[in-house]
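Visitor: I would like to learn to read this model step by step. Where do we start?

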Amino acid sequence: KFLNQALEISQLPPLDLTDGEAVEKRVIDYFSICAKWDVKPAVSGLAMALGMDRRRLWEVKADVEGRNLKLSPRARDAIKKGYNFLENLWENYMLNYKIHPTAGIFLGKNNFGYKDEQTYNLVPNNPLGSDADPATIAQKYKQLPDADGNE
């Protein structure tokens, strides 16, 4: 079924990306073909149905300057909607255990801009306040006793 789905998509006729109505129809046709073959849609599959690769599809979705000049606004909107639909499906598949977590994490990071990150906030412990000048701070520490108790 995966081979037949990919074969059917690869046999679609070339698409005029300036024709917004045709692009809208092609996006719907792609998802219909996936449903027909009971295959989960993919970013690269949608790109293939539109006659481009997944990087170009991402550029359209991300509004990369100067790369979308041949698309009509309607076509651009249809492609973005299709891409957002893919992200929504991915999220639902992840939440409902319909894809392996490792594969889902990979897809989220590579296709939808998700990332693992931790944020650390470092707050200086400055009893004189954050606006104290370096000379005042240095003077305060000169007055502190050393390890032997001498000032």
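Guide: With the surface. The model is predicted.

Visitor: What percentage of the 151 residues is buried?

Guide: Buried means under 20% relative accessible area. Here, 29% of the 151 residues are buried.

Visitor: How many helices and strands does the protein have?

Guide: Seven helices and zero strands. Along the sequence, the pattern reads α-α-α-α-α-α-α.

Visitor: Among contacts between residues at least 6 apart in sequence, what share joins residues at least 24 apart?

Guide: That share is 51%.

Visitor: Now the packing. What describes two packed helices?

Guide: The angle between their axes and the distance between the axes. Take helix H1 (residues 2–10) and H2. They pack at about 155°, and their axes are 9 Å apart. Angles over 145 degrees count as roughly antiparallel, so H1 is roughly antiparallel to H2. Their crossing is right-handed.

Visitor: Which residues meet in H1 and H2?

Guide: H1 brings Asn4, Gln5, Glu8 and Ile9. H2 brings Tyr30, Ile33, Cys34, Lys36 and Trp37. By class, this contact has five nonpolar, two polar and two charged residues.

Visitor: At what angle do the axes of H2 and H3 cross?

Guide: Helix H2 spans residues 20–37, and helix H3 spans residues 43–50. Their axes come within 9 Å and cross at roughly 135°. That angle makes H2 oblique to H3. The crossing of H2 past H3 is right-handed.

Visitor: Which residues of H2 and H3 make the contact?

Guide: From H2, Val23, Arg26, Val27 and Tyr30. From H3, Gly45, Leu46, Ala49 and Leu50. Sorted by class, the contact of H2 with H3 has six nonpolar residues, one polar and one charged. Note Tyr30: this residue of H2 takes part in the contact with H3 and also in the one with H1.

Visitor: Let us finish with a single residue. Where is Asp19 placed?

Guide: Asp19 lies in the loop between H1 and H2.

Visitor: How many residues separate Asp19 and Lys70 in sequence?

Guide: They are 51 residues apart in sequence. In space, their C-alpha atoms are 9.9 Å apart.

Definitions and conventions. Residues numbered from 1 in each chain as written. Predicted model: local features only at pLDDT ≥ 70, side-chain atom pairs only at ≥ 80, totals over all residues. Heavy atoms only, no water. Helix = DSSP H or I, 4+ residues; strand = E, 2+ residues; numbered from the N terminus. Buried < 20%, exposed > 50% of the residue type's maximum accessible area, 1.4 Å probe, protein only. Contact = heavy atoms within 4.5 Å. Axes fitted to C-alpha atoms, helices over the stretch in contact; angles between N-to-C directions. Parallel < 35°, antiparallel > 145°, perpendicular 65-115°, else oblique. Left-handed = near helix turned anticlockwise from the far one by under 90°. Nonpolar A, V, L, I, M, F, W, Y, C, P; charged D, E, K, R; others polar.
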